[in-house]
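The following note sets out points on the structure for the file.

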Amino acid sequence: MDGDEGAPQKCVRLLCRRRIDVAASSGEPALYWLVGSSLFLPPFTVASIVKCLYWEPSIGPESVHYSREADEIRTFLPRGLDVIGALFVGNQEKEENAKKAIEATIRVRELLFTDKEICDMVGASSDMITKDVSFFIFVEKGCLLRCDLTLKLPIYVAIDKSSEAVEMFSSIVDAAAAKLRDPKTLYLLELKRMPPEETVLPVVLHGTELGLDTCVLSHKLPQYGATESDKNIEACSYFFSKSKRTSFSSIENADTIQVSLFSNQSENALVSGAPLAGYFPAPVSAKYSVVDFKLDVLCYSSRDFPLVSAVSKLIIPGLVDQLFKLKEIISPKLSTKHPQVIRTLHLRLGLPVDRPLLLIANSLNFTCTTSGRDSIRNGCTLLKDVHTNIPSSGVSGGLMSLIQGSYEYYHYLQNGFDDNGWGCAYRSLQTIISWFRLQYYTSIEVPSHREIQQALVEIGDKEPSFVGSREWIGAIELSFVLDKLLGVSCKIMNVRSGVELPEKCRELALHFETQGTPVMIGGGVLAYTLLGVDYNDVTGDCAFLILDPHYTGTDEIKRVVSGGWCGWKKAVDSRGKNFFLSDKFYNLLLPQRPNMV
């Protein structure tokens, strides 16, 4: 059984219960095709079962000889009956076995039926020991359509008529909305993540077609003239990858059709013209401002929904709604502060109001930007969460308090930039900002050394000559940059000597338990990133989990850990060596997790 809450439940109906019980009681691996009729029987109705013969049980359903199976089934199965699922008798992994059964069903149906359509299917699995049979239903998923559009709307208002700004702004937004259905507006539809072995041409729709009730594609790249066969390609399923039909896990996730908007301003829409420049006459004494709109519409559609209807009834209304909502928010005061709309949405959706979950940084990512656990940024692979598998701290009976969430490891000489001997605090700051990025508090890129220096100049903390220099920075400067670039506040912990740092373990443990952000430790000419503490509050024994930005090697996790560049450090090790210097003061920067939406 399967069904959404509040909706009628979908049930599997068995007309051959005894045959299924016998099959499940065989005590050996087996695969059976479930037979039903999509034409004459209710969905998920199993009328009979047929044993699969051409496969190797020791390997599993992956070994089925589908062409031989399909040839024989086509011979003896009466017309009007379909293969609607499969039963896999195997081990105790019932959900995994049901997925394999669905995948096998999809493969054999593609050979049996010419329409290649995916129907509602049943995946069943039986444990050879308990003989219990579990049924899972598969309902065909739809697809997503996404259109992101950036608009820059200019507003010119005479200085002596500033009260007209709202009216002018409203008229400009209305005109922008009207252009979405302009005959000269083009919509390009394409699938961004098509497997390399498949080729599906993009589709172009003109504004003149968007009022049609039925879809007739008149243009298809790279040539404009549509053939008679093109006119039959009218549904979103045109873009679906055929290879995905052999993978149950892939089918569970909706494909995403990217919709892009263009404006063809030439006289003849089918002939390319020279670029056009727009001229907006304005009063001699006028205030000029540009209002930026970042529209991003995500729509859900069934596979058989016409492409024209998807654009006309889903994409365009979504863009218009966003335009008018932004107009409503911005109009009262064009320079207003961040509105309370986001907080209202959090409350409506039952989301926590102490962290941002609906910012641009949290938007769905439709491109692959990571490789395994590591990040790829500007062509450079960055290690993530390097502390995960390091050896224990050596503190007996201690309580570990660690960073919450992921971060990227920044260190000397990365990206081919030589900061050896002066850039450790910059690298620690980059690691801290990467934490805020990966926790979706911000979407800004991790700043370079020069961008960090520029930020300090802009707030007046440094002179212009500081940009491009090799001057050190410390915890105070880091707090200024975090406040300017991210709006993040910080606490500063001052310690007169490295000998006193163990006394701060209790306070540091509370920071990691409540805030969970990485901490920068600066003392003398060195800076480190602190990822956690292990503290025994009875004996006072403690250790510090240090991520050292002074590493100059390649980004290999084994070299970093084995070299001690990320690991537990005691204030005084077993040989009596001090990690923190007794004759130096230390400042610790404790970034605070934003408590807002």
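1. In this predicted model, lysine 462 and aspartate 461 form a salt bridge whose closest N and O atoms are 4.0 Å apart. Both residues are partly exposed, lysine 462 with a relative accessible area of 22% and aspartate 461 at 30%. Shared partners extend the pair into one network of salt bridges that joins Asp461, Lys462 and Glu477.

2. A search of the whole structure finds 14 salt bridges. One of them pairs the side chains of lysine 327 and aspartate 174, at 3.0 Å from N to O. Lysine 327 belongs to helix H6 (residues 307-330) and aspartate 174 to helix H4 (residues 165-178), so the pair links distant parts of the chain, 153 residues apart. Lysine 327 is buried, at 16% relative accessible area, whereas aspartate 174 is partly exposed at 34%.

3. Glutamate 458 and lysine 484 also form a salt bridge, with the closest N and O atoms 3.2 Å apart. Because glutamate 458 lies in helix H9 and lysine 484 in helix H10, the pair ties together parts that are 26 residues apart in sequence. Glutamate 458 is exposed, with a relative accessible area of 51%; for lysine 484 the value is 37%, which is partly exposed.

4. The largest nonpolar core has 45 residues, and Ile473, Leu482 and Met520 have the most contacts inside it. Elements that each supply at least two residues include helix H9 (449-458), helix H10 (475-486) and strand S20 (526-535). Helix H8 gives the most, with eight residues. Beyond its neighbours within four places in sequence, leucine 482 is in contact with residues including Leu429, Ile432, Ile433 and Leu589. Apart from this core lies another of 40 residues, among them Leu145, Ala176, Phe240 and Leu319.

5. Five strands make up an open sheet with mixed pairing, in the order S4-S2-S5-S6-S7. Strands S4 (48-51) and S7 (133-138) are at the edges with a single partner strand each, so one side of each is left without a neighbour in the sheet. Neighbouring strands are turned by 25° against each other on average, direction ignored. Strand S2 (residues 30-36) runs antiparallel to S4, joined to it by four bridges; valine 35 has serine 48 of S4 as its bridge partner.

6. Strand S9 (residues 185-191) pairs with S10 in the antiparallel sense over four bridges, and leucine 188 has valine 204 of S10 as its bridge partner. Strand S10 (residues 203-206) is covered on both faces: Val203 and Leu205 are buried on one side, Val204 and His206 on the other.

Definitions and conventions:
Residues are numbered from 1 along each chain as its sequence is written. This is a predicted model: local features need pLDDT of at least 70, side-chain atom pairs count only at pLDDT 80 or more; totals for chains, interfaces and linings use all residues. Side-chain values use heavy atoms; hydrogens and water are left out. Two strands pair if DSSP finds at least two bridges between them. Axes are lines fitted to C-alpha atoms, for helices over the stretch in contact, and angles run from 0 to 180 degrees between N-to-C directions. Buried means under 20% relative accessible area, exposed over 50%, partly exposed in between (1.4 Å probe, protein chains only). A nonpolar core is a set of buried Ala, Val, Leu, Ile, Met, Phe, Trp, Tyr and Cys residues joined through side-chain atoms within 4.5 Å. Contact means heavy atoms within 4.5 Å.
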